[in-house]
Amino acid sequence: VCALVCGAAVFGQQAWQAKEFPIGCWRGPSPAHNTLEHYQRVRDCNFNIVGPSGGYTPKSHRALLDLAAKAGLKAILVDGRISSQMVMRDDWKSLVTQIVADYASHPALYGYYLHDEPSSVLFDPLGKISREFERQDPTHLPYINLLPTYANNRQLGTPTYADHLQKFLQMSTPRVLSYDHYALLKKGGIRADYYENMELVQVASQRSGIPWWYVHNSGAYSG
């Protein structure tokens with residue numbers, strides 16, 4: 001289980017203004033566990049956002065949103081029609097329109113999952129998609145989550161992590177600056193770069209005016 005933690009805070013898009021401090025589980029109930037009982041268990045853990053979980057169709061996503069609403073939760077949805085390659089389609093903006101039409105009116109929708117841990121080579125297309133979602137549905141979050149400092153240069157696509165953050169803010173113009181860092185280790189202790197990662201993101205957040213989110217692990221990680 002992971003949690004989304006929001007920090008204090010523009011490049012292009014409007015900075016996200018959360019109505020409630022966001023605390024979410026990274027993976028919500030799977031389609032096989034799409035029941036009120038499971039969403040109530042999430043709420044009983046004091047989460048207020050159901051994080052992205054794959055395997056859903058537009059129809060089952062609407063059932064997810066209905067159940068989340070009954071449990072007092074909001075959800076970030078993983079819709080298979082969304083990908084960084086969608087901008088290669090001539091009609092990709094119409095596809096965004098279809099996705100928005102499917103979900104935007106539901107009171108339990110928090111946002112749209114766009115990508116997890118992208119290399120910088122994807123920042124440009126993801127920025128186009130994010131801005132289009134904001135244009136068509138400014139009340140819900142287009143969500144991208146970044147790699148941690150222990151990712152290598154090939155994964156980052158930049159010489160340094162600070163460059164990665166700057167390039168993301170400039171090219172993707174996100175509404176939140178979200179990253180993960182699985183600091184708790186099975187062998188005990190935490191990663192040595194845990195606080196460095198947080199400081200780099202915090203500085204980038206303060207300079208850009210974009211609020212930051214942190215995705216952490218609540219159990220030991222194999223590192």
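Colleague: Why is the contact between Asp124 and Lys128 called a salt bridge?

Modeller: In this predicted model, the nitrogen-to-oxygen distance between the side chains of Asp124 and Lys128 is 3.5 Å. The cut-off is 4 Å from a Lys or Arg side-chain nitrogen to a carboxyl oxygen of Asp or Glu, so the pair qualifies as a salt bridge. Asp124 and Lys128 both belong to helix α4, which covers residues 123–136, and they lie 4 residues apart, about one turn of the helix.

Colleague: Why is the pair of Glu134 and Arg175 said to tie together parts of the chain?

Modeller: Glu134 and Arg175 form a salt bridge, with 3.6 Å between the closest N and O atoms. Glu134 lies in helix α4, whereas Arg175 lies in the loop between α6 (161–171) and β7 (177–180); the pair therefore ties together parts that are 41 residues apart in sequence. Both Glu134 and Arg175 are buried.

Colleague: How many salt bridges are there by this rule, and which residues are linked in a network?

Modeller: The count comes to 7 salt bridges. A network of salt bridges links Arg62, Asp79, Arg81 and Asp102.

Colleague: How do you know that Cys25 is in no disulfide?

Modeller: The search of the whole structure finds 0 disulfides. For Cys25, the nearest cysteine sulfur is that of Cys45, 8.3 Å away. A disulfide requires two cysteine sulfur atoms within 2.5 Å, so Cys25 is in none. Cys45 is likewise in no disulfide, its nearest cysteine sulfur being that of Cys25. With a relative accessible area of 53%, Cys45 is over the 50% limit and is therefore exposed.

Colleague: What makes the span of helix α3 agree with expectation?

Modeller: Helix α3 has 12 residues, 92–103, and at 1.5 Å a residue they should span 16 Å. The end C-alpha atoms are 17 Å apart, which agrees.

Colleague: Which residues of α3 are buried, and how do you know on which side they lie?

Modeller: Trp92, Leu95, Val96, Ile99, Val100 and Tyr103 are buried in α3. They cover an arc of only 140° around the axis, so they are on the same side of α3. The elements covering these buried residues include α2 (58–70), β4 (74–77), β5 (109–116) and α4.

Colleague: Which residues touch the most other members of the largest nonpolar core?

Modeller: That core has 49 residues, and those touching the most other members are Tyr39, Leu65, Tyr112, Leu114, Phe133 and Leu177. Helix α3 gives the most to this core, with 6 residues. Beyond its neighbours within four places in sequence, Leu177 is in contact with residues including Leu146, Leu165, Phe168 and Trp213. A second, separate core of 13 residues includes Ile49, Tyr182, Trp213 and Val215.

Definitions and conventions
Residues are numbered from 1 along each chain as its sequence is written. This is a predicted model: local features need pLDDT of at least 70, side-chain atom pairs count only at pLDDT 80 or more; totals for chains, interfaces and linings use all residues. Side-chain values use heavy atoms; hydrogens and water are left out. Helices (H or I, at least four residues) and strands (E, at least two) are DSSP runs, numbered from the N terminus. Buried means under 20% relative accessible area, exposed over 50%, partly exposed in between (1.4 Å probe, protein chains only). The expected span of a helix is 1.5 Å times one less than its number of residues. The arc is that of the directions from the helix axis to the C-beta atoms. Contact means heavy atoms within 4.5 Å. A nonpolar core is a set of buried Ala, Val, Leu, Ile, Met, Phe, Trp, Tyr and Cys residues joined through side-chain atoms within 4.5 Å.
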